[in-house]
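Hi,

Here is the structure I promised to pass on. Have a look at it first, then read my notes below.

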Amino acid sequence: MAETILVTGATGYIGSHTCVCLLKAGWRVVAVDNLSNSSMRTVDRIQTLCRQKLPFHLIDVRDESALMRLLSQENISAAIHFAGLKSVSESISKPLDYYDNNVNGSITLLKVLHQHGVRKFVFSSSATVYGEPKHVPISENASLSATNPYGRSKLFIEQIVNDLSEADAEWRIATLRYFNPAGAHESGLLGEDPRGQPNNLMPYIAQVAVGKLPHLSVFGNDYPTSDGTGVRDYIHVMDLAQGHLSALSRLYSRSGSFTVNLGTGQGVTVLQAVAAFEKACGASIPITVAPRRAGDIASCYASANKAEELLNWKAEKTLLQMVNDHWRWQKQNPNGY
Ligand code: NAD
Ligand code: UD1
């Protein structure tokens with residue numbers, strides 16, 4: 001009998017791709033989301049891709065009694081916790097919403113899991129916890145800091161799960177620090193569907209390519225990087241999803257908790273990302289150079305060694321595959337789901 005995994009934030013960008021990988025690998029999935037930043041259509045598409053039913057529950061992870069009911073009905077043995085709010089700019093204007101959703105949501109979920117004897121937990125953290133890195137590539141033991149409420153909410157939750165695993169060795173917790181997820185499922189059925197104007201580079205370029213936005217503003221071309229534009233570690237969302245399966249397998253096979261980066265280890269500039277996307281869509285992407293965005297750093301990419309050693313996982317897909325898949329999703333779904 002397959003183990004049952006609770007996936008929160010299951011209809012979101014990373015959650016939906018991870019559900020597909022889990023179902024295809026034979027895990028049973030119970031999906032939870034409050035649909036605050038996603039659509040029920042995602043459930044249909046996951047079911048189409050996997051040719052099986054995905055049990056979905058419209059639950060807010062801050063709703064303790066709804067979670068208690070769910071956990072009493074389902075024989076869950078681990079949770080992957082994607083649910084949360086993720087916009088840096090929105091977190092600055094609505095800090096209480098971010099702390100409530102991200103920190104309180106995580107605490108409520110952990111308490112309910114604890115009461116039901118579930119001790120395996122995978123947490124979505126972010127490279128944002130490294131703040132302004134002193135060195136690149138960034139390894140997991142680099143110093144941590146945050147410059148905005150979103151980043152602080154991730155740091156707080158990291159500390160909470162560390163305290164929990166120190167207090168009770170039964171807990172097995174994987175803290176996964178994602179670098180910059182991009183791309184989409186190769187079918188074009190699943191992808192990132194930002195509400196309103198995108199903040200992040202790849203969805204922004206995709207909307208310029210499809211004609212929804214007139215041009216990309218390149219935020220600064222005077223950084224100390226190879227072409228002056230910001231360097232990031234873009235990781236294909238399907239590689240990222242597979243990283244969760246590797247982390248989960250380790251939690252089932254060995255005791256202990258761990259923190260790992262999920263990135264490719266490769267830095268890509270804004271202009272390189274634009275050039276790759278132009279290749280994928282066969283058209284030029286108009287750009288204008290704009291001032292640096294407040295809070296941005298010059299260069300951020302992972303040391304991917306620990307993930308490879310600990311999880312036997314590494315990102316496999318190239319930048320071109322990433323932008324090809326992203327473009328297919330955008331072309332097939334110009335208005336999202
Ligand atoms: P997303 O917004 O697409 O998915 C998050 C999902 O959680 C959404 O479907 C939303 O409706 C749901 N949700 C939010 N609050 C909830 C609540 N209180 N109860 C139940 N559901 C709730 O975001 P994503 O890109 O898939 O990110 C998933 C996780 O990974 C988040 O925790 C995010 O902070 C983290 N992360 C994302 C990135 C990125 O660039 N996408 C980078 C690093 C870390
Ligand atoms: C942003 C968040 C970070 C979060 C990450 C992944 C900020 C300040 N940081 O980081 O906390 O973890 O997303 O969700 O929002 N760029 C442009 N033009 C654009 C958009 C982006 O030039 O329209 C540039 C940026 O300056 C940066 C690169 O593209 O150099 C990537 O930007 P983005 O996709 O927003 O990711 P991060 O800056 O890494």
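Helices (H or I, at least four residues) and strands (E, at least two) are DSSP runs, numbered from the N terminus. With that in hand: the strand β5 gives the largest share of the shell around ligand 1, 3 residues. At least two residues each come from α1 (13-24), β5 (120-126) and α6 (149-167).

Before going on, this is a predicted model, where local features need pLDDT of at least 70, side-chain atom pairs count only at pLDDT 80 or more, and totals for chains, interfaces and linings use all residues. Residues are numbered from 1 along each chain as its sequence is written, chains are lettered from A and ligands numbered from 1 in the order in which they are written, and side-chain values use heavy atoms, with hydrogens and water left out.

Back to ligand 1: it is surrounded by 27 residues, the closest being Asp 33, Asn 37, Ser 38, Asn 101 and Tyr 150 (a residue counts if one of its heavy atoms lies within 4 Å). As for polar contacts (pairs of N or O atoms within 3.5 Å), a side-chain atom of Asn 101 sits 2.7 Å from a nitrogen of the ligand, and one of Asp 60 is 3.1 Å from a nitrogen. A polar backbone atom of Ile 14 lies 2.8 Å from a ligand oxygen.

Elsewhere, strand β8 (residues 216-219) runs parallel to β13 (residues 287-290), paired over 4 bridges (pairing takes at least two DSSP bridges). Val 218 has Val 289 as its bridge partner in β13.

Cheers

Technical notes:
A polar contact is a pair of N or O atoms within 3.5 Å; within protein, one must be able to donate a hydrogen and the other to accept it, and residues adjacent in sequence count only if both atoms are side-chain atoms.
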